Amino acid sequence: QAFLASGTPYFDIQLLYIEKEKLNNTVPLENIRDEIHIYEYPQKGHEYVVGSDVAEGLEEGDKSTFVIIDRETKKTVVTAEYTVKPDEHGNILYKYASEYNNALLGVERNNHGHSTLNTLEKTLEYENLFHMIRYNTKTKEETEKLGWETTAQSKFLMLDELDTAHRNEALIILDKRIIDQMMTVQKEDGKVSVNGKDLVVALAIANQLLKYEPRLTGIDIRRKIIGV
């Protein structure tokens, strides 16, 4: 009732409460500094995707986050939120994406994400990075950029499709931290803010990556978003 009184929830509040109740007895296999929660270790032959939101790294600011989803089971097998510098975040992403079978890694490129992506691409040479290809329906031109770019259009795309996946139980969320943040996302005057909902952003990006087929080779790792 408190959430409903203060605005229009973006996600299904009743379903979120039910899910949170079910998670009361769910604990991670590993809880690293109460920041990185590991619910399942990497499985041989499984494909994984990683979505990440990047923060500046200030103690009083937002946190950098990532969520790893098992493509086969749709479970959030690793979730993380912590305060580090963007380049350090790149090192952590490299470690976990590599361990989870060289997962497809989508990093939000906005703002401080450039530093994280530079660390991953140039310093660490991680190969399976998501590339967003935007198609202009008017000019018929394509532009490719490394990482996920959040725009007014792509933000609603990723949040709407996360909402659909959530309501259709197409994702299995194992971390109550994500549930708590989803409960606070609200729509007001046709707008939605995800400031401070960094795990939700990471989950939404990871959910987008699930739409793309697993890579067949290490050569063509481009992914396309049409008209956003």
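Predicted model: local features only at pLDDT ≥ 70, side-chain atom pairs only at ≥ 80, totals over all residues.

Reader: How do α5 and α7 cross, and at what angle?

Author: The axes of α5 (residues 152-167) and α7 (residues 198-209) come within 9 Å and cross at roughly 80 degrees. An angle of 65 to 115 degrees counts as roughly perpendicular, so that's what α5 and α7 are to each other.

Reader: Which residues of α5 make the contact?

Author: Leu157, Met158, Leu159, Glu161, Leu162 and Ala165 on the α5 side, meeting α7 residues that include Val201, Leu203 and Gln208. The contact residues split into ten nonpolar, two polar and one charged.

Reader: OK, the largest nonpolar core. Which members touch the most others?

Author: Phe11, Ile69, Leu159, Met182 and Leu203, out of 36 residues. The largest share, nine residues, comes from α7.

Reader: What does leucine 203 touch, leaving aside neighbours within four places in sequence?

Author: Val67, Ile69, Thr76, Leu162, Leu171, Ile173, Ile178 and Met182.

Reader: Switching to strands: how much of β6 is buried?

Author: Seven of its seven residues (76-82), so β6 is largely enclosed by the rest of the structure.

Reader: And what pairs with β6?

Author: β3 (residues 36-38) runs antiparallel to β6 with three bridges, and isoleucine 38 partners valine 78 there. β5 also pairs with β6 in the antiparallel sense, over six bridges, with isoleucine 69 opposite threonine 76.

Reader: What's in the turn between β5 and β6?

Author: That hairpin has five residues between the strands, and lysine 74 in the turn has a positive phi of about 65 degrees.

Technical notes:
Residues numbered from 1 in each chain as written. Heavy atoms only, no water. Axes fitted to C-alpha atoms, helices over the stretch in contact; angles between N-to-C directions. Helix = DSSP H or I, 4+ residues; strand = E, 2+ residues; numbered from the N terminus. Parallel < 35°, antiparallel > 145°, perpendicular 65-115°, else oblique. Contact = heavy atoms within 4.5 Å. Nonpolar A, V, L, I, M, F, W, Y, C, P; charged D, E, K, R; others polar. Core = buried A, V, L, I, M, F, W, Y, C linked by side-chain atoms within 4.5 Å. Buried < 20%, exposed > 50% of the residue type's maximum accessible area, 1.4 Å probe, protein only. Pairing = 2+ DSSP bridges.
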